[in-house]
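Reader: I would like to learn how to read a model like this one. Where do we start?

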Amino acid sequence: MEALFSILIGLFFAGAIYLILSKSTVRILLGVALLGNAVNLLLFTAGRLTREVPPIIPVGMDVLSPGAANPLPQALILTAIVISFSFFAFLLVLTYRAYQELGTDDTDEMRLAEPRNEQLPPMGY
Amino acid sequence: MAANAPALTFFALFLPFVASVLAPFLTRLMGDRAALVLALAPALAFAHFCTFLPEIAAGEVVTGGYAWAPSFNLSFSWFLDGLSLTFALLITGIGTLIVLYSGGYMKGHEGQGHFMAFILAFMGAMLGLVVSDSFLMLFVYWELTSITSFLLIGFDHEREAARRAALQALVVTGGGGLCLLAGLVFLWNITGVTQLSLLVHLGDGLRQSPFYLATLLLVLAGAFTKSAQFPFHFWLPNAMEAPTPVSAYLHSATMVKAGVYLLMRLNPVMGDTPAWVILLPFFGGITLIAGTFLAVRQTDLKLMLAYTTMASLGLLVMLTGFGSAHAVEAAVLYLVAHSLFKGALFMVAGTVDHEAGTRDVTKLGGLRAAMPITFGAALLAALSMGGLPLFFGFLAKEEIYAALAAGNPRAVFFTGLAVIGNALMFAVAFAVALKPFLGPHVETPKHAHEGPVTLWLGPVVLSVLGLAAALFSGVAHRYISSPMASAITDQKIAVDISSVPHLGVPLLLSVITVLLGMLAFWRLTDLRAFMVRALESLGPGPDRGFDLFVSDLVRLSGAVTRLVQPGRLEIYITATFILLAVTLLVPPFLFGELPAMPAWPEDLLVQEAAFFAIAVIGLIAVLRAKDRLTAIVSLGIQGFAVAVIFLLFGAPDLSFTQFMVETLSVVILALVMTRLRLTPRDHRPLGQSLFDGMVAVACGLGFTLLLLKSTEAPFDTLLTDFFNTYSKTVAHSANVVNVIIVDFRGTDTLGEIAVVMVTGLAVLALIRVRAGRRAGSGEGR
């Protein structure tokens, strides 16, 4: 089962990275959203897979029943989902604002911080 | 000594820094009279160090200090022997006079407070340097002198020449300091000690170490840059851009001698090897001759003195390199004599400049009547510099010739260098001391008159000391020269030369020197013209090289920046992911760590297969989306498919969160996307698409292989067991995932919430900025 997950995750990474390599900020944004899922699945799989038994201690017991899912990756991913969501929201607004201000979604056209043909600093002391 | 001596010494070492902090406030309160109060700091330190004189003269050493980081064997510790005590006395003694002199010289200058602060900070650094025992402390103070020197040279920072000179001094001496640091690390690694006082008896092991030469070269790089040895000499004359008190103090009496101090300090440990005996006299000799030749060329009083300082430093390095008892005695005498007469002459040059308005020797003359006290001080200092009998400089010169004069060709060569150098220095000394004062009166930019007492006190005290030290040579030798020479050679030496001339080769050489010097002085104008022509024919020197170095550095860094930061996001991202692919793919292939071929999972259920397929379809649909709606919907599809996969594999919490987040994402995306354009086609040309696709597939393959390989290995359940055991029993909750999030890793969750909050604020700011600008521009219209 882990093997099938590995391949699925590989596809997710490939798709996400292909989109991020684009020059269009909207596509980069979609890629970032995919990348979050890819990473979460990676963490999930690395903690080993079990079917359908959530890591909840049954009533009357002190420890998980055998065969329960590994709780640690789930806790990590829970944090990661929330953070990647806020990252996504921020990027979305940034993309939108950049498009409004600069009138383009092409990263090559966004040269305010690093303009073309930047001059050398003045010689002298 | 009293029981509280370490605390007092510690206090004395920090007194200049305390005064430095107070200086701007005092100057604001008291104006130039603040110098009288501030001079107390070095004066008290001087008095404190004087109390050590009997003990040091008796051949003892004083160490003390406080542990700093004992686990690293680091301490703030000092070490007083004849060498460091002499330096400490010179620094604090001359420092006192310089502070007073600065009070008069900088009177009315708006930056006087800063100036006082800088010069006192420098004094603290220099004092710390010469008494440091620990290597680290020595290095820190060493660099601190470079930094304070930078501030002082660039004091008049509105002039480009001053800025250039300051930067140059910092680059040269700071760069040398880094070499010194490497050298000290070598010393520490070879000998295993981090204190100079412990180093003294480890010389044999050090000299036999295979790293000896590397260590020596690194230490020499530090010492030669600091002490302005050829070819690093060019920063010193440029440093004359600084106000004259700085030139008198840093660039003749103290800082430039730090390199010589270091060489003298290391002489017992690193000296007396072929490399030492060849390199030091060679570079010292070149510096001596180059310095005197360049000095003769100048007409600016300060520049003349600056080049003779360079020459004197060369002489000192040369003598230290010889390392014989006589040579060391000569170096000691000359070092002390030089500090006295050169400090005095610099202050005289400053006074003349201050009162007459120029320091060009060709535009000065006949000031003897207007400035009799300054003239007297200048004359006494020049007599000592010229090495005439009854003065300390004479003792030094006698000793130099006694040390150098021997039958072999090497000795003859270096004796010749010393005679020529000393003769030219004689000529320059009298040119500085006599030309502005004698002869017919020349009209100067300012109407010249004697300066206030603070301006002539320094030169008078220093030049009279140069005479007194020779007249009472017994006392001077007992407390200063002999202990210092003993410390440098690490054996008991009693200096006994007196100002009574005795016949012999040294006296004969002295006479030749004086005669040659008088000849040079008489024909100084011709000599100057000759030197100007000769040096012009040599072409540009290292000073021009520094300019080229700096401009080339700017160009090089510009080219490198353009190469690695072309300003295109695409290139940065591509580089990042190519590196990621290489990191993931190369090690498994290189080390044969590839996973086994995975088997098709037999137990795959239909619903699992279905959601896998939906996720992949959603993924492909996002990649191929041609309009906004498709993109949003397909992004939602893959997100919900992932949520269901979480649910199927025992993670309901994840699943619910993922559902919620995906829903929110889709809603927000839909809201924003209505205002954004999504070009129907990915506007990458085919070749670019293929390349990007290859990079992406390589990364994806890398992650697949990584995950396959890591899930092959047996699972380490250490952490899982921990949470499993303690969730119910300690944290009292049945939902282990929740316990981890809110309890075991609660701080982490707090961080996560903070991230969400910061993002929310940033989003709000981005939107509000727009609104604000609209309102603003609306008003404008």
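Author: Start with exposure. This is a predicted model. B:His732 is exposed, because 9 other C-beta atoms lie within 10 Å and the cut-off for exposed is 12 or fewer.

Reader: Where is B:His732 placed?

Author: B:His732 is in the loop between α31 (718-729) and α32 (736-744) of chain B. Check its backbone too. B:His732 has a positive phi of about 60°, although it is not a glycine.

Reader: Which loop holds B:Ala228?

Author: B:Ala228 lies in the loop between α11 and α12 of chain B. Its phi is positive, about 55°, and B:Ala228 is not a glycine.

Reader: Is B:Ala228 buried or exposed?

Author: B:Ala228 counts as buried, because it has 29 C-beta neighbours inside 10 Å and 20 or more are needed.

Reader: Peptide bonds next. Is the one from B:Phe230 to B:Pro231 cis or trans?

Author: Read omega. The bond from B:Phe230 to B:Pro231 is cis, with omega near 0°. B:Pro231 sits in the loop between α11 (212-226) and α12 (235-238) of chain B.

Reader: Now helix packing. What describes two packed helices?

Author: Two packed helices are described by the angle between their axes and the distance between the axes. Take helix α18 (residues 372-386) and helix α21 (residues 453-471) of chain B. They pack at an angle of about 35°, with axes 8 Å apart. The crossing of α18(B) and α21(B) is left-handed.

Reader: Which residues of α18(B) and α21(B) meet?

Author: From α18(B), they include B:Ile373, B:Ala377 and B:Ala381. From α21(B), they include B:Trp456, B:Val460 and B:Leu467. By class, the residues of this contact are eleven nonpolar, four polar and no charged.

Reader: On to cores. Which residues touch the most other members of the largest nonpolar core?

Author: That core has 205 residues. B:Ile119, B:Ile153, B:Leu345, B:Ala381 and B:Val432 touch the most other members. Helix α17 (residues 325-356) of chain B gives the most to this core, with 20 residues. Apart from it lies another core, of 83 residues, among them A:Leu34, A:Phe44, B:Val622 and B:Phe703.

Reader: What does B:Ile119 touch?

Author: Set aside residues up to four places away in sequence. Then B:Ile119 touches B:Ile98, B:Val99, B:Ser102, B:Leu152, B:Pro245, B:Val246 and B:Tyr249.

Reader: Which helix holds B:Gly103?

Author: Helix α5 (residues 82-105) of chain B. B:Gly103 counts as buried, with 26 C-beta neighbours inside 10 Å. Leaving aside neighbours within four places in sequence, B:Gly103 is in contact with B:Asp32, B:Ala35, B:Leu36 and B:Thr454.

Reader: And B:Phe17, which helix is that in?

Author: B:Phe17 is in helix α1 (residues 5-30) of chain B. B:Phe17 is partly exposed, with 19 other C-beta atoms within 10 Å. Beyond residues up to four places away in sequence, B:Phe17 touches B:Ala121 and B:Gly124.

Reader: Last, the contact between chains. How many residues does each chain give?

Author: Count both sides. Chain A gives 81 residues and chain B gives 94 residues. On the side of chain A, α1 (2-20), α2 (25-46) and α3 (71-102) each supply at least two residues. α3(A) gives the most to that side, with 22 residues. By class, the chain A side has 53 nonpolar, 15 polar and 13 charged residues.

Technical notes: Residues are numbered from 1 along each chain as its sequence is written. Chains are lettered from A and ligands numbered from 1 in the order in which they are written. This is a predicted model: local features need pLDDT of at least 70, side-chain atom pairs count only at pLDDT 80 or more; totals for chains, interfaces and linings use all residues. Two residues are in contact if their C-beta atoms, placed from the backbone, lie within 7 Å. Helices (H or I, at least four residues) and strands (E, at least two) are DSSP runs, numbered from the N terminus. Ala, Val, Leu, Ile, Met, Phe, Trp, Tyr, Cys and Pro count as nonpolar, Asp, Glu, Lys and Arg as charged, and the others, Gly among them, as polar. A nonpolar core is a set of buried Ala, Val, Leu, Ile, Met, Phe, Trp, Tyr and Cys residues joined through C-beta atoms within 7 Å. Axes are lines fitted to C-alpha atoms, for helices over the stretch in contact, and angles run from 0 to 180 degrees between N-to-C directions. A crossing is left-handed if the near helix is turned anticlockwise from the far one by less than a right angle, and right-handed if clockwise.
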